[in-house]
Amino acid sequence: MDLQIALLLGQDGITNGAIYALLALALVLVFAVTRVIFIPQGEFVAYGALTLASLQAGKLPGTLWLLLGLGAAVALVEIALALRTRQMRRIPSILLLNCGIPLLLGGILFAIPPATLPLAVQVVLALMLVVPLGPMVYRLAFQPIAEASVLVLLIVSIAVHVTLIGLGLLFFGAEGSRTPAFTDMSFEIGDALLQGQTVLVVVASAVLIVALYFFFERTIYGKALRATAMNRTGARLMGISATMAGKLSFTLATLIGAFSGVLISPITTIYYDSGFLIGLKGFVGAIVGGLASYPVAAAGAVLVGLLEAYSSFWASAYKEVIVFTMIIPVLLWRSLTTRHVEEEE
Amino acid sequence: MIRMKFLLAFIAALAVGPLLLPEFYVTLLNYIGLYAIVALGLVLLTGVGGLTSFGQAAFVGLGAYTTAYLTTVHGVSPWLTLLAGLAITAAVALFLGSITLRMGGHYLPLGTIAWGISLYFLFGNVDFLGGHTGITGVPALSLFGFELKSGREFYYLIWAVLLVIVLATRNLLDSREGRAIRALKGGTLMAEAMGVNTPRSKIVIFTVAALYACLSGWLYAHLQRFVNPTPFAIAQGIEYLFMAVIGGVAHVWGAILGAGLITILKQWLQDWLPRVFGQSGNFEVIVFGLLMIFVLHRAREGLWPIVLRLFPAQNARPRVADAEPLPRRSLPERGSVVLEVRDATKRFGGLVANNAMNLSVRAGEVMALIGPNGAGKSTMFNGISGVDPVTSGAVSFRGERIETLAARDIARRGMSRTFQHVRLLPTMSVLENVAIGAHLRGQRNFVHAALRTERVEEARLLHEAALQIERCGLAEHMYDAAGNLPLGKQRIVEIARALAADPCLLLLDEPAAGLRYLEKQALGDLLRRLRDDGMAILLVEHDMDFVMGLADRVVVMEFGEKLAEGLPEEVQRNPAVLEAYLGGVE
């Protein structure tokens, strides 16, 4: 390996690592706030990428049907609840939020051929189609059992993952998609060629991370999430609804997931089931941070990206083996350095 | 008896099944049997122990690939490769378990996902294992010179193995080790205080579950006669968990029910769904996922309890047989110092919960620790019993320093305790709960339990538990589920459990809270009898009538420090104590 290849691989690693870092942050966030180990994160990555690809190909994205279906399911559950508690006034807003907005989105997609729109608008449309799925999934799968043990939540999380994989196959089909590069710019720095795509992904990830930082530090909702993460009961006593916190953290995680999908779609071909492995690599990063520390999780994720890039050069067949075996020394190190004290459940 | 008849009918049906059924159904039953063996391990791990693994398929693969490789390349006898597979699996499980189980419960499943994925890609890429095409030409098994070549012949081996391990698992759960495993789900704090080595128990069940999976893989390889990586992927690992959860994750028969249900449903859905959707693909996962979510929302115990309701159990209760009493510990001489706490300090970050506390307890006396709420009494208890060790200072028990020992090692030295917030296993009977207290008085391990060679010891342990229950006046509740008792009585069950350990120092954290007047009197009488037998008792209590009528000496705490110490009458007259309790008089 000469320097040029090393730099090229490093670039690849950092590009992927930046995306894994975003996912790792979302996983830490969801776990801290809701105690859910958010395995379905990967599916939202795939949905984001495939939705954007459908829009660019001038096809109606399958996500729309999923959104309409889940929205209708949430509306049914909420209306049943409203009828039981005799809160009829809530029904119009339930219908508008869960059925009206998805229908409106569908109408827009029918009215304007999305392939003709500029890239930024396509990205926004794709996010608008995918992101509401997150809170809807929370409402249907997790909210009714929000107080269950981490183990039960994890098993439900796996069940949601499996369901979304199946639905992904149904709505997007088995073929993979790859979107054209956002930019074909490149910069020459000395001998090395710095690709515009890399710069874009790293900058976009950094901007999102900074935005999240300000969200958590400066906004009341961000502070509410931090409070819930620190002490659920205490936060509830201060009037922070656990349901709100759960939905908000799922919305943010889905946004991060779908956006990561948008960023990764020009780099590799994404299939309906590609998200799982991508999400798990974020997990390896998150575990480095003990599912608690944001900066360590992000650093861990970048390390995963670099490890993956260099192992794809040295032993490409064993790339996944190496990346997922890395979790073992990490777990070993964590188990030797942390003293686990049982929480009162 | 209905259940027994049903079971015999089931076994009879299994025995004649292959003689009557067409080939297709025999194959289906073979797979159900193989899957049920794996799911049974998950019942032990998830339903009983409260842990889980998504990597069971990888252990199945380990068993299958070990035998496939060794039999085809090196011509080793399949019976030897079974041992080799089990040994490799045990080594991997012990390693994975030892690095993940020390941390929170969710690291094991995450670790198993990662390991399952690694192993799958490894199988697919290693040349000597045949890559993605796998290994063909695995020999048939032969049993007493008879080759099991057809599925119909193999059927009997699979189901015999399954029934044997169902029996062994049931035996294991109904034993001393089994109670320790079942105690894991109620949190490790109580189990540790009763002397259970909880990390060991967790590793044992994880390893046993892995060994079951390996056994299933070995059978699979010799049934199929070839192996490739696909059936050992993470998706299959997830499906095994679905089988266990849907069948009934806390019941051994639930594993068979779940394996049967999922396998048949999958067969049917794989036929039907692609036709509905007009495209091919594994759409059954959508149904399985939704089914899982539904089961975990509405019937977390799975389907087996619903089946059981159709066959009500008979009411005849097992009686605790008479058995030779367990040997007693020699008690320290009356009046000698049993517990000595010197300058014990406990800090939680910046909060000093105990500051330079000193106290001692002698054999044959009741020492009461009193003080306002938040004075640090329970923290002191946790420090003494090793549940949450002190930051600095010395704790000596029978002349030995114990402040750095684990709770279970302190328990072994003859200290036993109750908890302020009752920690019983609500679905287990009072008898079984109390028997957990006697954990350290038995030695037989899980192998003895599975083979039922520990029945003499088991009878002695249960007999001891029954004696302590009678001693505490709860004989009429012996077979009731502990969670159905009123709170006051649950506290008494905790005392019986502590007594079953045959302690020489008893730590009681608010034993009289929630008791009625007569019950309090009975408790007082019990504690006086124990004291007269030479037991040292340290108790935290708020009921002053109860304390002052019972205690020989009293230590008063406030703000984590000792405020006063002395005879009950002295303490009651102490102006500092009066001020702490009643407020100062200016």
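**A helix of chain A**

I first listed the buried residues of α4(A), which are Ile91(A), Ile94(A), Asn98(A), Pro102(A), Leu105(A), Gly106(A) and Leu109(A). I kept in mind that the model is predicted. The spacing brought to mind that an α-helix has 3.6 residues a turn, so residues three or four places apart point the same way. I then looked up what covers these buried residues of α4(A), and found that the cover includes α2 (41-56), α3 (63-84), α5 (119-130) and α6 (133-142) of chain A. Helix α4(A) itself runs over residues 90-111, and its 22 residues reach 30 Å from first C-alpha to last, close to the 32 Å expected at 1.5 Å a residue. I also noted a kink of about 35° in α4(A), centred on Leu96(A).

**A sheet of chain B**

Next I traced an open sheet of four strands in chain B, whose order is β6-β5-β8-β9 with antiparallel pairing. Its edge strands are β6 (351-362) and β9 (400-401), each of which pairs on one side only. Between β5 (residues 337-348) and β8 (residues 392-397) of chain B I found five bridges, and the partner of Leu339(B) in β8(B) is Phe397(B). Helix α14 (residues 377-385) of chain B lies across β5, β6 and β8, at about 115° to β5(B).

**Cysteines**

How many disulfides are there over all chains? I recorded a count of zero. For Cys472(B), the closest cysteine sulfur, in Cys504(B), is 17 Å away, which is too far for a bond. Cys472(B) is buried, with a relative accessible area of 12%, and Cys214(B) also counts as buried, at 1%.

Technical notes. Residues are numbered from 1 along each chain as its sequence is written. Chains are lettered from A and ligands numbered from 1 in the order in which they are written. This is a predicted model: local features need pLDDT of at least 70, side-chain atom pairs count only at pLDDT 80 or more; totals for chains, interfaces and linings use all residues. Side-chain values use heavy atoms; hydrogens and water are left out. Two strands pair if DSSP finds at least two bridges between them. Helices (H or I, at least four residues) and strands (E, at least two) are DSSP runs, numbered from the N terminus. Contact means heavy atoms within 4.5 Å. Axes are lines fitted to C-alpha atoms, for helices over the stretch in contact, and angles run from 0 to 180 degrees between N-to-C directions. The expected span of a helix is 1.5 Å times one less than its number of residues. The bend at a residue is the angle between axes fitted to the seven residues ending there and the seven starting there. Buried means under 20% relative accessible area, exposed over 50%, partly exposed in between (1.4 Å probe, protein chains only). A disulfide is a pair of cysteine sulfur atoms within 2.5 Å.
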